[in-house]
Amino acid sequence: MASDMSQNEKFMQLALELARRGEGRTRPNPPVGAVVVRDGHIVGKGFHPRAGEAHAEVFALEQAGGMAAEADLYVTLEPCSHHGRTGPCCEAIVKAGIRRVFIGATDPNPHVDGGGTRYLQQAGLEVRSGILEPQCRRLIAPFARHATTGLPFVILKSATTLDGFTACASGDSQWVSGEESRRHVHSLRDRVDAIMVGAGTVEKDDPRLTARLPEGGRDPLRVVVDSTLRIRENAAVLQGDSDATTLIATTGRADDRKVERLRAGGAEVLILSEDEGRVDLKDLLQHLGRRDIQSLLLEGGATLAGRCFRQRLIGRVMVFVAPRMLGGEDGQGIFAGPGVQVMNEAPTLQDVRISRFGDDTLIEGEMDDVYRPD
């Protein structure tokens, strides 16, 4: 039995690696990978590259051809049984003669409700679920949050010193983390739908918010939360060095003439309601969700991060801890504003992962169950 599980996990791990090739490219669909195995040998592989193209299972079955008959299928997400832009994968699986289907995670969409699994079982196929389920659920967390709440999945990314600071008292923060960590952040930008920062970060750091990778990368939507529209009109994020749109979320207090100038320069300016004198973040996330933004990388600063934390908008935390120490008590932390006052009320990360990038340590985990709406 242990040997059998080991084999199942090995093939599902390959399916996960395939699925990650489509990460950030498939919305409104989730990234999915599939592997066809016959007599212990891989005969077909596939992943979903983008919406409108075939799903992972179809690519894997086409590659397997006649070898799919009496074979096993490993797929990271429950196969679909409904008609969308493409035909239902369950029909293709049954038609190909697959005998067993191993599923990583069930589809979190409440409208699906296990329909794919039932379809396959009623057709006489053996179905096993939960193979590497935590990893598969982690992969589709943005899709799951969007499917169950209509909101994007917010990923907080930060870099701190060993004593917990993101910047010196002077505001200097370049660079807290090392080069390998920064390269990983650029690859993360390449895999999300949008990046979000506050006006203070734009004013202080003047970031471009692009995915600068050796192979080029794909720039996500760039979101600047700026309640009074104080952004400089020559800010790097407003320059034409990227095909990505820059969206500035502001309030009715913004100067109308500046709004028009920014729009004329190519920026999208969104006027939202206020929450205690600032942009209403839930209003902003609802807007992003309506335009099918599933993953949102929150990169700063402390005021915006603190507001997201207190409103329970953060789904995943990624903190790079660098082997540096500032000493004293005047440095800046990840969050600004009031925090938890009693330790046993502090949120605890789930599914914690630890990895190394050069001398830095990345600690990441989930803030809550991404399948449960807030």
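Start by selecting Val-352, which is found in strand E15 (residues 350-357); strands (E, at least two residues) and helices (H or I, at least four) are DSSP runs, numbered from the N terminus. You are looking at a predicted model, where local features need pLDDT of at least 70, side-chain atom pairs count only at pLDDT 80 or more, and totals for chains, interfaces and linings use all residues. Residues are numbered from 1 along each chain as its sequence is written, and side-chain values use heavy atoms, with hydrogens and water left out.

Val-352 has a relative accessible area of 46%, so it is partly exposed (buried is under 20%, exposed over 50%, partly exposed in between; 1.4 Å probe, protein chains only).

Next, go to Ser-181 in helix H7 (residues 179-189). Is Ser-181 buried or exposed? Ser-181 counts as buried because its relative accessibility is 1%. Show its surroundings: apart from neighbours within four places in sequence, Ser-181 is in contact with Phe-320, Phe-357 and Asp-360 (contact means heavy atoms within 4.5 Å).

Now select helix H11 (residues 302-310), where the buried residues include Leu-304, Gly-306 and Cys-308. After H11 comes Arg-312, with a positive phi near 60°.

Finally, zoom out to the whole chain. Its secondary structure comes to 11 helices and 16 strands, and 49% of its 374 residues count as buried. Along the principal axes, the C-alpha atoms fill a box of roughly 65 × 45 × 40 Å. Among contacts with a separation of 6 or more, 72% join residues 24 or more positions apart.
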